[in-house]
Amino acid sequence: MRAPFQLTVLRSHSGRGLFTKERIPKGSFVIEYVGRPATAKQMRDNRGKYLFWTSDTTMIDGNVPENIARFINHSCAPNCEVRLHRRRLHVFAIRTIQPGEELSYDYGDEYFELHLAGFCRCAKCDDARS
């Protein structure tokens, strides 16, 4: 599914991020997170940075070139959320997002503990450290 908004990958506070070139209204579909089926080892280990469960027994690996949604960074105060529908991952705006703004969603407690604990670079955590 093609993204209905103009999005671009740019430098971000945490490396690279996905930014919008236009206003995205609250509640809008932004982009689909796509990937190839994860291997049995990936599913067992559940440690890759681009892995997403699509059901209780299936997972995708989003580290593929066509998946620019993989550049959406974590935030503890996100502007998007991911919704699972029929094993497909759709990103929706949970508030109006302004042109030039970086897209973000909360990666969840499990991912946060495995990969981000003590290292979160989102604006909310940066402000708390200041």
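Mentor: Two strands pair if DSSP finds at least two bridges between them; helices (H or I, at least four residues) and strands (E, at least two) are DSSP runs, numbered from the N terminus. This is a predicted model, in which local features need pLDDT of at least 70, side-chain atom pairs count only at pLDDT 80 or more, and totals for chains, interfaces and linings use all residues. Residues are numbered from 1 along each chain as its sequence is written, and side-chain values use heavy atoms, with hydrogens and water left out.

Trainee: How many helices and strands does the protein chain have?

Mentor: Read from the N terminus, the elements follow the order β-β-β-β-α-β-β-β-β-β-β-α-α. The secondary structure therefore comes to three helices and 10 strands.

Trainee: Which residue in S9 stands opposite tyrosine 33?

Mentor: S3 and S9 run antiparallel and are joined by four bridges. The residue in S9 that faces tyrosine 33 is leucine 89.

Trainee: What is the order of the open sheet of three strands?

Mentor: S8 is also joined to S9, by six bridges, and these two strands run antiparallel. The sheet has antiparallel pairing, and its order is S3-S9-S8.

Trainee: Why is one side of S3 and of S8 left without a neighbour in the sheet?

Mentor: Strands of a sheet pair through backbone hydrogen bonds, either parallel or antiparallel. S3 and S8 stand at the edges, and one side of each is left without a neighbour because each has a single partner strand.

Trainee: By what angle are neighbouring strands of this sheet turned against each other on average?

Mentor: Axes are lines fitted to C-alpha atoms (for helices over the stretch in contact), and angles run from 0 to 180 degrees between N-to-C directions. For this sheet direction is ignored, and the average is 30°.

Trainee: What is the phi of arginine 86 in the turn?

Mentor: S8 and S9 form a hairpin with two residues between them. Arginine 86 lies in that turn, and its phi is positive, at about 50°.

Trainee: Is leucine 84 buried, exposed or partly exposed?

Mentor: Leucine 84 belongs to strand S8, residues 80-85. Buried means under 20% relative accessible area, exposed over 50%, and partly exposed in between (1.4 Å probe, protein chains only). Leucine 84 has a relative accessible area of 47%, so it is partly exposed.

Trainee: Which residues does leucine 84 touch?

Mentor: Contact means heavy atoms within 4.5 Å. Residues up to four places away in sequence are not counted, and the residues touched by leucine 84 are Thr54 and Leu89.

Trainee: Which residues are in contact with asparagine 67?

Mentor: Asparagine 67 is found in the loop between strand S6 (59-61) and S7. Its relative accessible area is 0%, so it is buried. Leaving aside neighbours within four places in sequence, its contacts are Glu32, Tyr33, Val34 and Gly62.

Trainee: Which residue's backbone nitrogen does the side chain of serine 75 reach?

Mentor: Serine 75 is in the loop between strand S7 (73-74) and S8, and at 9% relative accessibility it counts as buried. Its side chain comes to 3.0 Å from the backbone nitrogen of alanine 77.

Methods:
A polar contact is a pair of N or O atoms within 3.5 Å; within protein, one must be able to donate a hydrogen and the other to accept it, and residues adjacent in sequence count only if both atoms are side-chain atoms.
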